[in-house]
Amino acid sequence: MKTSRPYRFETLAVHAGHEVDLSTGAVSPPIHMSTTFERDVDGSYPRGFMYGRNHNPNRNGLEAAIAALEGGAASATFGSGLAAVTAIMQGLQPGDHVVAPSDIYHGTANVLKHLFSKWGVDASFVDMTHLDVVAKAIRGNTRIVWIETPSNPLLQCVDIAALADLAHRAGARAIADNTFATPALQNPLALGCDMVMHSTTKYLGGRSDVMGGVVVSLKDDEAFATVRQTQLFGGGIPSPFDCWLVMRSLSTLSYRMQAHCANARKVATWLHEHPKVSVVHYPGLEDNPFHAIAARQMNDFGGMLSFEVKGGKDAAMAVAASVDVFTRATSLGGVESLIEHRASIEGPESKTPQGLLRMSIGLEHPDDLIEDLRQALDRVN
């Protein structure tokens, strides 16, 4: 950006982190696949690049862009969302404690339960929709209050500002997984969080063709320096091409999210009235218990929803087996609509209702999605 004046989100999404290539004038940035960069005769690196694990022009541009979109001071990108989660947790010490939501992405839960528990890091998984429960779970050694809103897969929404305040009063950091909402819909840093992470595989990438993760920090401080050190020493970086792909998609993020939200709202409203559906988990429905808080801290309600089919697992699996437009696949945030039986993905430890199907609503016409679900539900006895 040529000036430092404030820009609106859509303008930042197009221009932040982008520069015209000085050698060719190319408007679209080239992909810098080099793993190493030339030193000057005095041994220095006057162009700012030494080795691909340290820095890369594509990665630098992507990190600058996402930091700008989230309103942070700095960001660090990784090869996957879970690599970003792991980098945050590697800043903990043996004996430290994390408070996390009970309805949480199972991959994040696995990082805490199966990786860091071996190194003496304890975690409490609690119902974060009740602030008093969170307050009771916080200990003197609590270092992170992990926030996920809307949550995966029940789309529960929690009060980010209130949870951040609880964390700070206890001397802990508030860190939010903003993957479901994206910075186009929700800004946890502005609501008091210290860090935000995303799986850039999802909406930021937006095409189901690239994996990645990012950590954005409100301040370029010691805690973020630890994340950056993990990126450098651990080496879990995205490739230049991966960075280029995510960067390519950021410019359309705001407009894609508008369509994802509109389609999800229409599908959720239709499912809400279907006699074979017991409950729809979508904060955009006015009778949803999280509607008010989502309306207060989000610009819109997102493109993710889940619903429970009467008849339990067998009925839900039958619906998933009968769709034509939806694709039965894990992940979310792409242009295509996905459906999956979530409990079977999460494994034997899953507490997700067996009749629940999670859907990522894509950019197809919503009436075609509704007709697809109608014919699939009609086949259930």
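Which handedness does the crossing of α9 and α13 have?

1. The model is a predicted one. In it, the crossing of α9 and α13 is right-handed. Helix α13 covers residues 366-378, and its axis lies 9 Å from that of α9, at an angle of about 30°. Angles under 35 degrees count as roughly parallel, and α9 and α13 are therefore described as roughly parallel to each other.

2. On the α9 side, the contact is formed by N263, K266, V267, W270 and L271. These meet P366, D367, L369, I370, L373, R374 and L377 of α13.

3. Five strands make up an open sheet with mixed pairing, in the order β8-β9-β12-β11-β10. The edge positions are held by β8 (277-281) and β10 (327-328); each has a single partner strand, so one side of each is left without a neighbour in the sheet.

4. Helix α9, residues 253-272, also packs on this sheet, where it touches β8, β9 (304-309) and β12. The direction of α9 makes about 15° with that of β9.

5. Within the sheet, strands β11 (residues 338-341) and β12 (residues 356-360) run antiparallel and are joined by four bridges. H341 has L357 in β12 as its bridge partner.

6. A further helix, α11 (residues 312-322), lies across β9, β10, β11 and β12. The helix α11 runs at about 125° to β9.

Conventions
Residues are numbered from 1 along each chain as its sequence is written. This is a predicted model: local features need pLDDT of at least 70, side-chain atom pairs count only at pLDDT 80 or more; totals for chains, interfaces and linings use all residues. Side-chain values use heavy atoms; hydrogens and water are left out. Two strands pair if DSSP finds at least two bridges between them. Helices (H or I, at least four residues) and strands (E, at least two) are DSSP runs, numbered from the N terminus. Contact means heavy atoms within 4.5 Å. Axes are lines fitted to C-alpha atoms, for helices over the stretch in contact, and angles run from 0 to 180 degrees between N-to-C directions. Angles under 35 degrees count as roughly parallel, over 145 as roughly antiparallel, 65 to 115 as roughly perpendicular and the rest as oblique. A crossing is left-handed if the near helix is turned anticlockwise from the far one by less than a right angle, and right-handed if clockwise.
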